[in-house]
Amino acid sequence: MLELADLHGFHFDSAQMPLNVLDAHFRSFEKNVLPKLVARNMAVLGMKPLAEGEIPRSGVVSAIDALHYAMSLPTTTVITGCDTMERLNQALEAARSFKPLSSEQMAALRDKTQQVAMTGKLELFKTSNIFDGTAKNPQWMG
């Protein structure tokens with residue numbers, strides 16, 4: 001997409017994508033897209049840091065660790081859902097306690113999540129179309 005935009009003289013100022021500790025292992029935005037955005041000086045909006053809540057539900061890493069992982073990536077901001085007071089308080093605690101993780105700490109979290117992440121089953125937005133508005137509304141494509 002970025003190369004096609006270049007061909008047509010279009011410049012993106014920002015991009016939003018899922019960035020979480022599972023992502024590094026399966027169809028990775030962190031590995032395949034994030035470096036290109038950083039090189040272009042684009043604002044990076046990281047979303048789904050908890051993979052729709054699947055990361056804390058899996059019990060592999062805590063929600064706070066998952067949020068700190070996403071916040072330690074080269075993003076402009078990390079967007080997390082705050083649909084309950086518990087989730088809001090969790091986000092506030094992650095912000096209050098945040099110190100950028102070292103590369104060793106990041107690697108340790110990726111190691112913990114590798115087995116559950118390899119199939120993409122906890123990142124349904126990558127493996128199904130249940131979150132895809134275009135798939136549900138093919139008329140949008142003309």
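Analyst: Let's start with K48, which is buried, with a relative accessible area of 19%; buried here means under 20% relative accessible area, exposed means over 50%, and partly exposed is in between (1.4 Å probe, protein chains only). Keep in mind that this is a predicted model, where local features need pLDDT of at least 70, side-chain atom pairs count only at pLDDT 80 or more, and totals for chains, interfaces and linings use all residues. Residues are numbered from 1 along each chain as its sequence is written, and side-chain values use heavy atoms, with hydrogens and water left out.

K48 is found in the loop between strand 2 and helix 4 (54-58); helices (H or I, at least four residues) and strands (E, at least two) are DSSP runs, numbered from the N terminus. Its phi is near 55°, a positive value in a residue other than glycine. Most residues other than glycine have a negative phi.

N41 has a positive phi too, near 60°. This residue sits in the loop between helix 3 (34-39) and strand 2 (43-47), and N41 is exposed, with a relative accessible area of 72%.

Now over to I55. Leaving aside neighbours within four places in sequence, I55 is in contact (heavy atoms within 4.5 Å) with residues including P49, L50, V60 and A66. I55 also belongs to the largest nonpolar core, where L37, I55 and Y69, out of 27 residues, touch the most other members. Such a core is a set of buried Ala, Val, Leu, Ile, Met, Phe, Trp, Tyr and Cys residues joined through side-chain atoms within 4.5 Å. Helix 5 gives this core its largest share, four residues.
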